[in-house]
Amino acid sequence: MRCLLLILLLLLPALPGAAQTSANTEPKERCTLPDSLRFVDAPLKNLAKALKARGEIRIVVLGTSSSLKHDTGGLARTYVAGLPDALQMRFPGKQFSIDNLSLRMQSTTQMQKRIVAEVVPAKPDLLIWQTGNVEAARQTDPNSFAESLSDGLRRLRAAGIDTILIAPQYRARLSPMVDTERFDQMMSWVGDSEGVPVFPRHDMMQFWAENEIFDLQAKSQETQMREAETMNGCLAQQLAEMIRRAVALPAR
């Protein structure tokens with residue numbers, strides 16, 4: 001029961017509250033991050049070719065609860081909801097269609113099987129693969145997590161599908177109980193080994209939390225929702241910028 005509760009808390013989209021020091025700060029300024037968290041050195045060469053050849057780009061998102069869109073139902077919009085607009089700002093004249101295959105409480109091994117059955121046949125120009133929180137909550141063997149992640153990435157590469165990995169969420173209140181940092185580090189290692197960009201969501205959220213850009217202690221649910229959508233909007237902007245930079249890199 002305790003494990004299930006941790007999973008549910010960890011997989012819900014982050015609901016940060018408003019820090020008193022940042023309540024009047026412009027959203028764009030609150031999205032600011034150090035250059036070390038915006039660095040990317042792995043190219044998205046197939047996506048770059050698609051952008052040159054076509055006007056419509058097909059993206060698939062595969063993840064858990066924090067990658068669901070949440071336009072309705074009383075939950076804050078996630079980074080996925082703001083991604084098409086953020087991409088169109090950076091690639092004028094292009095249209096981005098997003099097929100969201102995310103499901104709650106799915107493990108990396110389960111997603112690995114869905115890559116074969118659902119993602120590869122769809123032939124998207126880009127897969128956004130968010131994972132790691134379920135394994136952290138379930139205390140899965142990190143080596144098993146890395147093996148499933150690597151296998152999925154190799155299958156995607158063989159199919160000519162570019163991938164960007166999304167790191168686990170950072171939750172200050174759960175960090176003493178759930179070691180997400182271990183899986184974040186393992187994902188970074190796999191990404192480096194496989195030549196795949198890793199979007200450092202964990203480190204970005206930790207930076208914002210520790211600098212009180214987005215406070216985790218708000219009491220008002222209305223404030224939590226407003227701040228959550230602002231932060232997720234920042235994540236969408238930062239992800240779109242990482243994609244832009246990765247597309248511009250020379251192919252290896």
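**Exercise 1.** Find the disulfide that joins C31 to C234 and describe its place in the chain.

*Solution.* Start with the sulfur atoms: C31 and C234 are joined S to S at 2.0 Å, where a disulfide is a pair of cysteine sulfur atoms within 2.5 Å. The model is predicted, with local features needing pLDDT of at least 70 and side-chain atom pairs counting only at pLDDT 80 or more, while totals for chains, interfaces and linings use all residues. Residues are numbered from 1 along each chain as its sequence is written, and side-chain values use heavy atoms, with hydrogens and water left out.

Next, count: the structure holds 1 disulfide. The pair links distant parts of the chain, 203 residues apart. C31 lies in the loop between α2 (27–30) and α3 (45–53), and C234 in helix α10 (residues 221–248); helices (H or I, at least four residues) are DSSP runs, numbered from the N terminus.

Then take the torsion about the S-S bond of C31 and C234: it is about -80°, so the disulfide is left-handed.

**Exercise 2.** State which residues line the second largest cavity.

*Solution.* On a 1 Å grid over the protein atoms alone, a cavity is a set of points where a 1.4 Å probe fits but cannot get out; lining residues have an atom within 4 Å of a point. The lining of the second largest cavity consists of L37, R38, M204, Q238, E241, M242 and R245. Helix α10 gives the largest share of this lining, 4 residues.

Technical notes
Helices (H or I, at least four residues) and strands (E, at least two) are DSSP runs, numbered from the N terminus. On a 1 Å grid over the protein atoms alone, a cavity is a set of points where a 1.4 Å probe fits but cannot get out, and a pocket is an open set with protein on both sides within 12 Å along at least five of seven lines; lining residues have an atom within 4 Å of a point.
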